[in-house]
Each structure stands twice: as C-alpha cells, then as structure tokens.
Amino acid sequence: MTKTGFWSHPLVETAGYFSVVVLCLIVSMVLFEIVTKYKNWEEIKKGNVAVAMATGGKIFGVANIFRYSIEQHNTLPQMIGWGLYGFLLLVIAYWLFEFLTPQFHIDKEIEADNRSVGFISLAISVGLSFVIGASIA
C-alpha cells in the first residue's frame, strides 16, 4: 500500500498503537504481580493506598516509556521492542530500590500500607520512566 493507504491513516495508526500498548501494559502488570511479593489487585481492593500508589506509578511509568517509544520509532516492532526494553529497565530499578534499602523490605512495607514507601516507589517509577524514555529517543 501507499503511504496514504488505510494502514497509515492517523486514526488507524492511533488505534493500532493504543491496542498494542494496552496489551503490553497488561502483560507488564502481570509481570509486576509476579515480581512483587504481594497481590497488587487484592491489596488495592482492600484499600491499601501504598500498593495503589506503587502500582499507579508502575502503570504511569510503563505508559510513559511507550509514549517515548511511539514518538521515536517508525515501526510497530521497534516501538514494542524499545517499550519492552524500557519496562525491563523499570523492573531492574525496582530490584535496585529493594537492594539499596537494606534496613527494610520494600514489598513488606508497601503491603503493610506504608504510604511513604508507596509514594517513593511511585516517584521512582515515574521519574525513571522519563530518563528511560529520553534515552530510547
């Protein structure tokens, strides 16, 4: 097809990127559920604000990384690859956060609804998503 064909129409491209990013976001949330020692959605349902903040930060972080990836890459496979690479870096950052705070366990504090730790987790996810996003640009 030509560059002005159906698949290159802005509405179709937007729907395509949206669909792929939502799918990647779901996969990343499942992977975060595996990485953390608590059950994110069960804790949120119980009203655990610290878990909600940490999970919200992860969602924002992943979506922000994909935003940068969409802006900088011309093909869907490139966008997915760089977005998933950025997600992997966020997971590594989460493990580093746990490692660099040996005086307490991040997962236990968040599960206990320690909102200060939940907020710092949110800030780390969001902040690093901008750094990761800028670096994949």
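Phe32 and Phe87 are both buried, a label that stands for under 20% relative accessible area, with exposed meaning over 50% and partly exposed anything in between (1.4 Å probe, protein chains only). The model is a predicted one, in which local features need pLDDT of at least 70 and side-chain atom pairs count only at pLDDT 80 or more, while totals for chains, interfaces and linings use all residues. Residues are numbered from 1 along each chain as its sequence is written, and side-chain values use heavy atoms, leaving out hydrogens and water.

As for the overall layout, the protein chain has six helices and zero strands; here helices (H or I, at least four residues) and strands (E, at least two) are DSSP runs, numbered from the N terminus. Its C-alpha trace spans about 60 × 30 × 20 Å along the principal axes. Of the 137 residues in the chain, 39% count as buried. Contact means heavy atoms within 4.5 Å. Among contacts with a separation of 6 or more, 67% come from residues 24 or more positions apart.

An unreviewed UniProt entry carries the annotation "transmembrane region" for residues 15-35, 47-67, 79-97 and 117-136. Such positions are given in the numbering used here, feature names are shortened, and annotations may be inferred rather than shown by experiment. In the model, residues 15-35 are 100% helix and 0% strand, with end C-alpha atoms 30 Å apart. For residues 117-136, the figures are 95% helix, 0% strand and 28 Å between the end C-alpha atoms.

Next come the aromatic rings. A pair of aromatic rings is described by the distance of the centres and the angle of the planes. Rings of Phe, Tyr and Trp (its six-membered ring) pair if their centres lie within 6.5 Å, and planes under 30 degrees apart count as stacked, over 60 as edge-to-face and the rest as tilted. The structure holds four aromatic pairs. One of them joins Phe32 and Phe87, edge-to-face at 5.2 Å centre to centre and 80 degrees between the planes. This pair links distant parts of the chain, with Phe32 in helix H1 (residues 10-35) and Phe87 in helix H4 (residues 76-99), 55 residues apart. Trp82 and Tyr85 also pair edge-to-face, with ring centres 5.8 Å apart and planes at 85 degrees. These two sit three residues apart in helix H4, so about one helical turn separates them. Trp82 is partly exposed at 36% relative accessibility, and Tyr85 is partly exposed at 42%. Elsewhere, Phe60, Tyr68 and Phe130 make up one aromatic cluster.

Helices H3 (residues 49-72) and H6 have axes that come within 7 Å and cross at roughly 5 degrees. That makes the two helices roughly parallel. Residues making the contact include Phe60, Gly61 and Tyr68 of H3, along with Phe130 and Gly133 of H6. By class, this contact has 13 nonpolar, eight polar and two charged residues. Axes are lines fitted to C-alpha atoms, for helices over the stretch in contact, with angles from 0 to 180 degrees between N-to-C directions; under 35 degrees counts as roughly parallel, over 145 as roughly antiparallel, 65 to 115 as roughly perpendicular and the rest as oblique. Nonpolar covers Ala, Val, Leu, Ile, Met, Phe, Trp, Tyr, Cys and Pro, charged covers Asp, Glu, Lys and Arg, and the others, Gly among them, are polar.

Finally, the loops. Tyr38 lies between H1 and helix H2 (40-45) and is buried at 2% relative accessibility. Its C-alpha atom is 6.3 Å from that of Glu111, 73 residues apart along the chain. Asp113, in the loop between helix H5 (106-111) and helix H6 (115-135), has a positive phi of about 65 degrees although it is not a glycine.
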